[in-house]
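Here is a briefing on one protein model, written to be read beside its sequence and coordinates. The points below are grouped by topic.

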Amino acid sequence: MTEPVAAMRTPEHSPGTARLIALSDGIYAIAMTLLVINVAVPADLGDTAFHKALSDALPSLGAFALSFTLISGFWRDHRRILTALPVETTVVTRLTLLGLGLVALLPFPTGLLAEYASQPDAVALYASAMAAIHAVHVALLLLTQRQVHPSPESPAALARRRFTAQLGSSVLVFGLSIPLAFLNTKAAMWFWIALVPAHYALGHYRRRPALD
């Protein structure tokens, strides 16, 4: 969901970082695959029952599409963060494992959202998981900013801060939707669309000084 930041990538990284990237790729792939388990239509149904079951599967398809899109963004963002690191540290490893644990858990809140989108707890749990993963990525970016870009005013450092601000807006949007879910579940889910203009506005605003 965030814009590409080519300056944040480096051609080489340490063996420790390479192992974290490989582990991350595997967990993301498994989590994305498990999402489709919640999408199913029973076998041996008659014509009427088949069409009803197909209609009943639409919420699961919607939840799958939403989560697949978000997990794809998480994977892209996480890989971008890790490949920029010259060396991995204990804090980076622990935060990465925390984030991967949350990603591995995502099929569970996705299934709840598909089946119980009218229940505040299901919507709030899904939003909490999304906010938590984004928060881990923000923490990784903040903790490694100086390590990756010693010069705070370099174009690459500014791009990284813009990237951090965009992910921070995701934490804010999903975080605000948690209490909103207990007032109106549909409003909370529609509120997630605010991510699109928020990311665009942050990217546009932080480019303006460089264009003047």
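**Overall architecture**

Read from one end of the sequence to the other, the protein follows the pattern α-α-α-α-α-α-α-α-α, which amounts to nine helices and zero strands. The model is predicted, and the protein averages a pLDDT of 82, with 84% of the residues scoring at least 70.

**Confidence along the chain**

- Among the elements of the protein, helix α8 has the highest mean pLDDT, at 94, whereas helix α9 has the lowest, at 69.
- Over residues 3-11 the pLDDT is below 50, although this stretch has 19 contacts in the model beyond its near neighbours in sequence.

**Burial, contacts and surface**

- Of the 212 residues in the protein, 41% are buried.
- When contacts between residues at least 6 apart in sequence are considered, 77% of them join residues that are at least 24 apart.
- The accessible surface of the protein comes to about 11,200 Å², and carbon and sulfur atoms account for 68% of that area.

**The largest pocket**

- Rolling a probe the size of a water molecule over the atoms shows where empty space is left.
- In this model, the largest pocket holds about 410 Å³ of space, and of the 19 residues that line this pocket, L66, M189, W190, W192 and I193 are the closest to its centre.
- Four helices, namely α3 (58-83), α5 (107-115), α8 (185-191) and α9 (195-211), each supply at least two residues of the lining of the largest pocket.
- Helix α3 gives the largest share of that lining, with seven residues.
- By residue class, the lining of the largest pocket divides into 16 nonpolar residues, two polar residues and one charged residue.

**Individual residues: the buried examples**

- H78 has its place in helix α3, and this histidine counts as buried because its relative accessibility is 3%, which is under the 20% cut-off.
- Apart from neighbours within four places in sequence, H78 is in contact with S24, Y28, T96, H137 and L140.
- A131 lies in helix α6 and is also buried, because its relative accessible area of 10% falls under 20%.
- Once neighbours within four places in sequence are set aside, A131 is in contact with V171, F174 and G175.
- A131 and V173 are 42 residues apart in sequence, and their C-alpha atoms are 8.0 Å apart in space.

**Individual residues: the exposed examples**

- L142 has its place in helix α6, which covers residues 120-148, and this leucine is exposed because its relative accessible area of 57% is over 50%.
- Between L142 and R160 there are 18 residues of separation in sequence and 9.4 Å in space, taken from C-alpha to C-alpha.
- Y200 has its place in helix α9 and counts as exposed because its relative accessibility, at 60%, is over the 50% cut-off.
- Y200 and Q166 are 34 residues apart in sequence, and 8.4 Å separates them in space from C-alpha to C-alpha.

Conventions:
Residues numbered from 1 in each chain as written. Predicted model: local features only at pLDDT ≥ 70, side-chain atom pairs only at ≥ 80, totals over all residues. Heavy atoms only, no water. 1 Å grid on protein atoms, 1.4 Å probe; cavity = no way out; pocket = protein on both sides within 12 Å on 5 of 7 lines; lining within 4 Å. Points joined across faces, edges and corners; volume = space filled by probe spheres on them. Nonpolar A, V, L, I, M, F, W, Y, C, P; charged D, E, K, R; others polar. pLDDT = per-residue confidence, 0-100. Contact = heavy atoms within 4.5 Å. Buried < 20%, exposed > 50% of the residue type's maximum accessible area, 1.4 Å probe, protein only. Areas by Shrake-Rupley, 256 points an atom, 1.4 Å probe, with all protein chains shown as cover.
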